[in-house]
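Me: Hey, can you walk me through this one? I'd like to go over the inside, the rings and the holes.

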Amino acid sequence: MSKKSKKNSPSDQTPTGFLIESGWKGEVTDLDPRATPGFDGKKDDGKEVLTKRDSALDELQERLYAAHHGQEGGRSVLLVVQGMDTSGKGGIMRHVVGNVDPQGVDIAAFKAPTPAEKRHDFLWRIRKRTPAPGIIGVFDRSHYEDVLIHRVHGWADAKEIRERYTAINAFERELSEAGTTIVKVMLHISRQEQGERLMERLERSDKHWKFNPGDVDERQHWDSYMDAYTKALRGTSTVGAPWTVVPADRKWYARIAVQQLLLNALEGIDPQWPSAEFDVEEQIGRLRETMD
């Protein structure tokens, strides 16, 4: 195999999604939900890449935990996953996040706030679940619900939404300055693909438990949601906490792209195994004395 063909093989490629730069003026609907930016392989290639890179992600996560867990001011990662219903959030939890040691991961799924939570600022319940040092925190839906669904349904006016953007940016800047690397992902699915996935849930008895009639109600607001996502991306994609729009019509691509984003975050931290706080040779000798 030539050097060129090796370089271009799927196993050497880097799925990137669409990085949203600070100051972006585009529309989320201009981004192709079936695209595979940074990767020109097929489904089987993507599955192979996901499997091959699992071990690297697992080791980096373990190093992060070993080096920073329990340390005041240690490093952590926060993965924020947003997307329309059926966009594949559950698959990311199972096939990407689920392949690392669970003791180093904290997953929070933010549903509708409780009456007690409503008595507080919208970030109150979010702050309680930010990752501790050494931990990969995952938000399966997040504080962004308060600028997405609230905009779509008119539960907050434009002024309130802008104020929330400002509060979110300040909150995420605070997290970054405290040592948390933030990875924000929008799983971008097409209306057609969502319809097909919802139909599959209805046509298969083993998928009925996943179906919520409210999903069809929300689908009727599709254009409003796309507009809300566009405005949220423009208002909250910052240098320290940029958004990445990950095309999600191809589930296999979305998984390898999110996996790569986590790898990038952990490689940027570059956690190292901590040095032993004891005399290793002495302990080897003591252990040998206890062995037959």
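**Inside the fold**

Reply: Let's start with Phe139, which is buried at a relative accessible area of 1%; buried means under 20% relative accessible area, exposed over 50%, and partly exposed in between, with a 1.4 Å probe and protein chains only. This is a predicted model, so local features need pLDDT of at least 70 and side-chain atom pairs count only at pLDDT 80 or more, while totals for chains, interfaces and linings use all residues. Residues are numbered from 1 along each chain as its sequence is written, and side-chain values use heavy atoms, with hydrogens and water left out.

Me: Which residue does Phe139 form an aromatic pair with?

Reply: Phe110: the pair is edge-to-face, 5.0 Å centre to centre with 90° between the planes. Rings of Phe, Tyr and Trp (its six-membered ring) pair if their centres lie within 6.5 Å; planes under 30 degrees apart are stacked, over 60 edge-to-face, and the rest tilted. Phe110 is in the loop between strand E3 (105-109) and helix H4 (115-118), and Phe139 is in strand E4 (residues 136-140), so the pair ties together parts 29 residues apart in sequence. Helices (H or I, at least four residues) and strands (E, at least two) are DSSP runs, numbered from the N terminus. Phe110 is buried too, with a relative accessible area of 7%.

Me: How many aromatic pairs are there in the whole structure?

Reply: A search finds 4. Ring pairs also link Phe39, Trp252 and Tyr253 into a cluster.

Me: OK, new topic. Which residues have the most contacts inside the largest nonpolar core?

Reply: Val77, Leu79, Ile136, Val185, Leu187, Leu233 and Val246, in a core of 71 residues. A nonpolar core is a set of buried Ala, Val, Leu, Ile, Met, Phe, Trp, Tyr and Cys residues joined through side-chain atoms within 4.5 Å. Helix H11 (residues 251-269) gives the largest share of this core, 12 residues.

Me: And what is Val77 in contact with?

Reply: Leaving aside neighbours within four places in sequence, the contacts of Val77 include Leu64, Ile136, Gly137 and Leu262. Contact means heavy atoms within 4.5 Å.

Me: Is Gly137 buried or exposed?

Reply: Buried, at 0% relative accessibility. Gly137 has its place in strand E4, and its C-alpha atom is 7.7 Å from that of Ser76, 61 residues apart along the chain.

Me: Now the holes. What's the volume of the largest pocket?

Reply: About 1400 Å³. On a 1 Å grid over the protein atoms alone, a pocket is an open set of points with protein on both sides within 12 Å along at least five of seven lines, while a cavity is a set where a 1.4 Å probe fits but cannot get out; lining residues have an atom within 4 Å of a point. Grid points are joined across faces, edges and corners, and a volume is the space filled by probe spheres set on the points. Of the 48 residues lining this pocket, the closest to its centre are Asp85, Lys89, Lys111, Arg141 and Asp215.

Me: How much space lies in the largest cavity, and what lines it?

Reply: About 40 Å³. The lining residues include Leu57, Val96, Ile136 and Leu262.

Me: Last one: how many residues of H6 are buried?

Reply: 7 of its 8. The buried residues of H6 pack against E2, helix H7 (158-177), H9 and H10. Just after H6, Gly154 takes a positive phi of about 70°.
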